[in-house]
Amino acid sequence: MRVFKRITAIILIAVLAVLLPISALAQTITASFGNLSGTRVTATFDYDDSLFSGKDTKLKPKLAIASVTLAASAHNESYIKNALNNMGFEDITSFNYNSGAFSADDNDYASYVLAGKDIVVGKRAYRLYVIAISGTQGYQWVSNFNMGSSNEHRGFSIAADRLMQSVSDYVKTDAKDSIFWIFGHSRGAAVGNIVGARLTAGNLGCKVFCYTSATPSTTRKKNLYGKGSLNNLFAINNPGDFITRIPLASWNYRVYGRSVNLSNKGKVFSRMKTGFAQFLGEAYAGQTPGTVQRMIAECRKYSPTLKHYTNAITFTNKQGTHNPYAYFSSLALVLSYGSEQRIGLQQMLNEIGNSQYAVNLTAMLVGLKLPCDRATLGNYLLSMDWRNLLAGMKGTAHAHSPEAYIAWVNALYG
């Protein structure tokens, strides 16, 4: 009898395997991404369509791991396309991955991939749409510092609206038959946070699963669409990641939805550091939350209000003459590594020569100890390879890196 039951079970499993689409079965997916040293590495995660069952407002650990991992892949067009193809997605279409198409004057775009596939959740058929958004590409760094003065960060908002037009053209199913899965890292996280808000607030009747990592602040009115109405948006952040704290909370900036702060203590942090070292081949040296708080304090002195930044206000006190917009706009040109990089670096050095706040902030950004004199800092900046942020600003780069976030969510939820 036991043998008969075992044989029956095996036959049933075999029949189901034939009848069910491959995408419905549990899979272990291997996704590639480029680490901070530029090396191609891989990470794995478990996936099946049942991750999209139930409420989109409930944080799903496996979906968080999958989202953060694929967000790292989305930095590279071929890596994310390959991963989505292996997951059974179709009509995989990419947008704006040619960073050479952007310029210092035209850069408010996102680089992203759209894809879709049919799934069955419970007994209901849906079309699952992926919106995979890359981190910063080239001159999009200039857009990152284009904050504007409205309710949303201007550069991120314009990019999100352009992406939404692509989604409108791409989607062919009714909203009630659609599920959206949004993920991105860094700039991709910020744009994804706004896109998630747009889709959710539209009351279209679709589910929206939005998990972003290393998410900069996006809005000055967190409850712009109603209190508690965006609880399906999860912004996963490292408290030691300075990039996610810009624009400043003191300017009333927040993210839409819910912030998920990663723990930098105890067993989770220890496991994260082990995973990080496996991805990069060196020990984690990311900035601490305490260091980031000191950087934020310096930023608040440098630009007390959003108006000081957006209106390029110059003011003078005992710490020198300060123009925060001049500083950050020049930093954007330097990070873009385009033809204007040398101009940006010279402008940045000029501001450092005038403002002690700029000296202190830059020193902490690149990991030099305070107090730091202008000559030492200037020589360091001139010697940096700005394409190799790992060497020049390790603390900032480690804390913000995709590999740190992948290691962290696996340590927390894996």
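Axes are lines fitted to C-alpha atoms, for helices over the stretch in contact, and angles run from 0 to 180 degrees between N-to-C directions. The model examined here is predicted.

**Exercise 1.** Determine how helices H11 and H13 are oriented towards each other.

Solution. Step 1: H11 spans residues 341-354 and H13 spans residues 374-383; the angle between them is about 170 degrees, and their axes lie 11 Å apart. Step 2: angles over 145 degrees count as roughly antiparallel. Step 3: H11 and H13 are therefore roughly antiparallel to each other. Step 4: the contact includes Leu345, Met348 and Leu349 in H11, and Leu377 and Leu381 in H13. By class, the residues of this contact comprise seven nonpolar, three polar and two charged.

**Exercise 2.** Describe the packing of helix H5 (residues 154-170) with helix H6 (residues 187-201).

Solution. Step 1: the two helices pack at an angle of about 60 degrees, with their axes 9 Å apart. Step 2: this makes H5 oblique to H6. Step 3: the crossing of H5 past H6 is right-handed. Step 4: among the residues that meet are Phe156, Ala160 and Leu163 in H5, and Val191, Ile194 and Val195 in H6. The contact of H5 with H6 divides into ten nonpolar, two polar and three charged residues.

**Exercise 3.** Which residues lie nearest the centre of the second largest pocket?

Solution. Step 1: this pocket holds about 410 Å³ of space. Step 2: of its 19 lining residues, Ser217, Thr244, Arg245, Ala249 and Ser259 lie nearest the centre. Step 3: strand E9 (258-261) and helix H8 (289-302) each give two or more residues to the lining. Step 4: the lining of the second largest pocket has seven nonpolar, eight polar and four charged residues.

Note on methods. Residues are numbered from 1 along each chain as its sequence is written. This is a predicted model: local features need pLDDT of at least 70, side-chain atom pairs count only at pLDDT 80 or more; totals for chains, interfaces and linings use all residues. Side-chain values use heavy atoms; hydrogens and water are left out. Helices (H or I, at least four residues) and strands (E, at least two) are DSSP runs, numbered from the N terminus. Angles under 35 degrees count as roughly parallel, over 145 as roughly antiparallel, 65 to 115 as roughly perpendicular and the rest as oblique. Contact means heavy atoms within 4.5 Å. Ala, Val, Leu, Ile, Met, Phe, Trp, Tyr, Cys and Pro count as nonpolar, Asp, Glu, Lys and Arg as charged, and the others, Gly among them, as polar. On a 1 Å grid over the protein atoms alone, a cavity is a set of points where a 1.4 Å probe fits but cannot get out, and a pocket is an open set with protein on both sides within 12 Å along at least five of seven lines; lining residues have an atom within 4 Å of a point. Grid points are joined across faces, edges and corners, and a volume is the space filled by probe spheres set on the points. A crossing is left-handed if the near helix is turned anticlockwise from the far one by less than a right angle, and right-handed if clockwise.
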